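Keep the sequence and the 3D view at hand.

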Amino acid sequence: MKYYIMTYGCQMNESDSERIAAVLENAELSPAKTEDEADFIIINMCSVRKKSVDKVFKKISIIRAKNKKVKIALTGCILNRDKKKFKKMTDPIFRIDELQKLPKLLQHITENKRQTTHYLKIIPKYKKSNSAYIPIMTGCNNFCSYCVVPYTRGREVSRPDKDIISEIKKLLKKGKKTICLLGQNVNSYNYKQTTDNKQQKITFPRLLKKLEKLPGNFEITFLTSHPKDFSDELIKIIAKSEKIKKYIHLPVQAGSNKILKKMNRNYTREHYLKLIDKIKNTIPDVELSTDIIVGFPGEAKKDFKDTVDLVKEVKFSKAYINKYSPRPGTAAEKLKDNVVKKEKERREKILRSFFIKNKHDRT
């Protein structure tokens, strides 16, 4: 029996798909080269944006039209309201942290092949490349008003540092040269371990210190950080380290304090710019990227101008710009989506063209 995995979403979804592949191959399924060859298709999706949900809905409809017998399972970051939408179109729908139950959900797989460990302990089937994604935590406690992650992945859970180190050591022996640490907010990584009846707290900076001591010629990167708790200690570690890449992805989302408050981001424009100055002064050769949402409810022309001005001031090397769309169950869904689609597109275009211009100016 052959399987095929489709992944829609962020790097965390890509990493989860590697674990899905490992579970299926442990259950004696083999990978198909194309979806048409597969007996079983798993779609690892994301409810963060409506556009992505619509894309998956269309894709499943196309698959079903071609092959009514193929089994389709759905997992990833899925809102309950979206699960109802897909219920009649797919076979099992399961949360990613229920991955170990997948073999039991498929009737052709015997009970003794079932994996019972937590899904982050499953050894992934890594893609053949020089880099690897390593989740150090899952879930989120921030509850940004537009985001579904706390509802789809749950609250923050940090992996034991020993498990992370063990996984990375094995990857380095296999010749991996880039290790990318993943979390919805890696800054809040916080694993408490007990040694000799004493509890020790392993924070993200402490974890990085442990990882950079590992022998070998490799590079460490991480995604994603939150501006509210990007500490001075973390900045200093990045500056001094010979293994941590001098690249920081720091989502700002908006340059207006009014909009940041509505987004429940828990920092101000001033805090963000002060943090950027601190990073640039401590790490002169740093490369900075960001995420921006345009057209958030209540975003007036002045609010958008604040965002444009911030982008001009920071001079990001990359920017991931998205038009706001309300997601079910989020706090922002209750706000009036009063920026029309055409204006959202115009604002997105302005930022993108400005970013491209900045890129040319630096080259």
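Q: Which side chain does the side chain of Glu343 join in a polar contact of 2.7 Å?
A: This is a predicted model. Glu343 is found in helix H12, residues 341–362. The 2.7 Å polar contact runs from the side chain of Glu343 to that of Arg347.

Q: Is Glu343 buried or exposed?
A: Buried means under 20% relative accessible area. Glu343 has 17% relative accessibility, so Glu343 counts as buried.

Q: How many salt bridges does the structure hold?
A: Side chains of opposite charge can pair when their charged atoms come close. In this structure, the number of salt bridges is 27.

Q: Which parts of the chain does the salt bridge between Lys125 and Glu25 link?
A: The closest N and O atoms of Lys125 and Glu25 are 3.7 Å apart. The two residues are 100 residues apart, in distant parts of the chain. Lys125 sits in the loop between helix H4 (102–105) and strand E5 (131–135), and Glu25 sits in helix H1.

Q: Which helices hold Asp54 and Lys85?
A: Asp54 and Lys85 form a salt bridge, with the closest N and O atoms 3.5 Å apart. The pair links distant parts of the chain, 31 residues apart. Asp54 lies in helix H2 (residues 50–66), and Lys85 lies in helix H3 (residues 80–86).

Q: Where do Lys305 and Asp309 lie?
A: Their side chains meet in a salt bridge of 2.9 Å, N to O. They are 4 residues apart, about one turn of the helix. Both lie in helix H11, residues 301–314.

Q: Which residues are linked with Glu35 in a network of salt bridges?
A: A salt bridge needs a side-chain nitrogen of Lys or Arg within 4 Å of a carboxyl oxygen of Asp or Glu. The network links Glu35 with Asp36, Lys59 and Lys66.

Q: Which residues are the closest to the centre of the second largest pocket?
A: This pocket has a volume of about 400 Å³. It is lined by 15 residues. Strand E1 (2–7) and helix H1 (11–26) each give two or more residues to the lining. The closest to the centre are Tyr3, Ala21, Pro31, Lys125 and Lys127.

Q: How many residues of that lining are charged?
A: Asp, Glu, Lys and Arg count as charged. The lining of the second largest pocket has 7 nonpolar and 2 polar residues, and its charged residues number 6.

Terms used
Residues are numbered from 1 along each chain as its sequence is written. This is a predicted model: local features need pLDDT of at least 70, side-chain atom pairs count only at pLDDT 80 or more; totals for chains, interfaces and linings use all residues. Side-chain values use heavy atoms; hydrogens and water are left out. Buried means under 20% relative accessible area, exposed over 50%, partly exposed in between (1.4 Å probe, protein chains only). A polar contact is a pair of N or O atoms within 3.5 Å; within protein, one must be able to donate a hydrogen and the other to accept it, and residues adjacent in sequence count only if both atoms are side-chain atoms. On a 1 Å grid over the protein atoms alone, a cavity is a set of points where a 1.4 Å probe fits but cannot get out, and a pocket is an open set with protein on both sides within 12 Å along at least five of seven lines; lining residues have an atom within 4 Å of a point. Grid points are joined across faces, edges and corners, and a volume is the space filled by probe spheres set on the points.
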